[in-house]
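Take a look at the sequence and the structure below.

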Amino acid sequence: MKNCLKYINLLFLSCLLMGCDSFLNQEPFDDFTDEEFWKSEDQARSYMYSFYPTVFSGYGTGTAHGPFLMGQTLNDDFVSDKSQNNLQPEVVPVSDGAWSFSNIRKANYVIANVDRLPLETAGRNHWRGVARFFRACYYSNLVFTFGDVPWFDRVPVISDNKADMDYLYKDRDSRLFVDSCIMADFRYAMDSVRISDGTLQVNRYVVAGMASRFMLREGTFLKYHNIDLPMAQKCLLFAKEAAEMVMNSGKYSISGDYNALFTSDDLEGNPEILIYRKYVDGVLAHSTLAYSFTEAQAGVSKSLAEAFLTKDGLPVYVKNALWVARTQEEFFADRDPRLSLCIRPHYYVKGTNCQPFSYALSGYSWNKFMNDKLATSKEPTFAREKNVTDAPCLRYAEVLLNYAEAAYELNMLNASYPFTQADLDKSVNLIRARAGVEMPKLEMVGDQPAVGGVTFDDPMRLTLENYADGEVTSPLLWEIRRERRVELCMEGFRLNDLKRWKKLDYIWNGCNPDIRFGAYIERSDERYKKIDEEIVLTQDSVGYILRNTEKQRERPVERNYISPVPSGQIQLYKSHGYTLTQTKQWDN
């Protein structure tokens, strides 16, 4: 088994080191003809390995991070820097690695050749389903990033034939058409991929879990950007049904150790993990653990730190709209236990004694990916670029959150899809019941959130929604989104969530000043008398650490929600006599 894992990870690593060659030029194989290669299932499996690190990147490799902890200056989970760059470049870039169809070409190549395999029909359908699953994942990201994109369902051919060239240089298809193709791919994979195909392999429930992620994202984007409500409903219904496939399988459950999900050297057998990325000493390693341990952090924002509920299940400002925790002990007392599992229950301010950890510019130091009990370990795998903790790429808690949100959004679009307490009980409340967390149930009284039968409305919702663009978030949806933010914090979801909800205003100081604030400290406290001179507090000698003291980000606009087609691609089409249409928000 260990040799197999090393082989898998060597293939993953080699794929990551490969350049992103144009799909117009790259051939799938140099040493085999199609007839020679597609001789066995092992060959099909080995070809598929190159897809895994591009979809399940985990903690990345070396110093190159995966989605975890990324985009720190671009979402409200992390404290903003002294001055913030805007979300998009001011001009259209010549190139953009996200505008790539090389992996789609590879998936189409598999689909075209899978019938060569000496397998029964079900076996061939499995590998065709895996290829279509990966194609759906790649297209989901392309659509979310660029909107309209050309749909390729076969390998383009360079030839003197005009039909081949017309296909090779086809213009962008509509977003809605591509969405329908993505759903067809996911549906085929959910029907055809094996229920189980071994450790670290895509199976039917991995397909369904990822489908719930991508279709929820697309459905809510279409809804909140008012692109197409009927298609939004189709996507959300698909997301809900895909999540239910996982939930009804009986194969997964919420783990009793939240911290272990992110700090384990071996996630095999963890009941919450649908798929993970394996790291092996001397073969494939990352630096996320070291980044959480020995390196200075930007730090968590006041916005995220205060999003964690109190132990009685209420937002921190419900009982006292002017609530301020004047000491670290007061801040962490009687809160959702996940607060201390994600943020160290001590302020790590620059200039103070932070041993054995480093400081965080906000004072809030994240520990979600670090087992602090091992902080003094001298093991070489704790060193930078040598971390081997496995990365959870898809876990059951996310699927449950996808279900809860999709079910609620469906009800908002169409009352024939009711949303009830039962939906909360089999999703959000299963997560809250996690051993070691055991938070009160989220209840609904009418359409209002409640705890113990008593309704409440978070004052922070009223504050932010008063300034934010887009549709006003209802009190109950606010709490469903809060659960997602808290449970999945720092796992790479937040920026995309804000985009799909049309809530990028949350990362604009004019709407949410808490993104530039850190911990509340008083210079009279012995612990903070020697803080670094660059530390600025909101009230000079007391107050919140203020990071954004210079130029603030401009208010987000429509083009911040979608990327332009690289100008180099438009020129490439033009040089061959074809037109590639620019994204309308950037066509000026």
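A polar contact is a pair of N or O atoms within 3.5 Å; within protein, one must be able to donate a hydrogen and the other to accept it. Keep that in mind for the serine below. The model is predicted.

**Serine 264**

S264 sits in the loop between α11 (260-263) and β1 (273-277). Its side chain reaches the backbone oxygen of A260 at 2.5 Å. S264 also contacts T389 and D390, leaving aside neighbours within four places in sequence.

**Asparagine 429**

N429 belongs to helix α18, residues 428-432. Beyond four places in sequence, N429 touches Q421, L424, K441 and L442. E443 is 14 residues away from N429 along the chain, and their C-alpha atoms are 8.9 Å apart.

Are these two residues buried or exposed? The cut-off for buried is under 20% relative accessible area. S264 has 17%, so S264 counts as buried. N429 has 5%, so N429 counts as buried too.

| Residue | Relative accessibility | Class |
|---|---|---|
| S264 | 17% | buried |
| N429 | 5% | buried |

Strands of a sheet pair through backbone hydrogen bonds, either parallel or antiparallel. Here, an open sheet has three strands in the order β8-β10-β9, and the pairing is antiparallel. β8 (517-522) and β9 (537-539) are at the edges with a single partner strand each, so one side of each has no neighbour in the sheet. On average, neighbouring strands of this sheet are turned by 35° against each other, direction ignored.

β9 pairs with β10 (residues 542-546) over two bridges, in the antiparallel sense. Q539 has V542 in β10 as its bridge partner.

Notes:
Residues numbered from 1 in each chain as written. Predicted model: local features only at pLDDT ≥ 70, side-chain atom pairs only at ≥ 80, totals over all residues. Heavy atoms only, no water. Pairing = 2+ DSSP bridges. Helix = DSSP H or I, 4+ residues; strand = E, 2+ residues; numbered from the N terminus. Axes fitted to C-alpha atoms, helices over the stretch in contact; angles between N-to-C directions. Buried < 20%, exposed > 50% of the residue type's maximum accessible area, 1.4 Å probe, protein only. Contact = heavy atoms within 4.5 Å.
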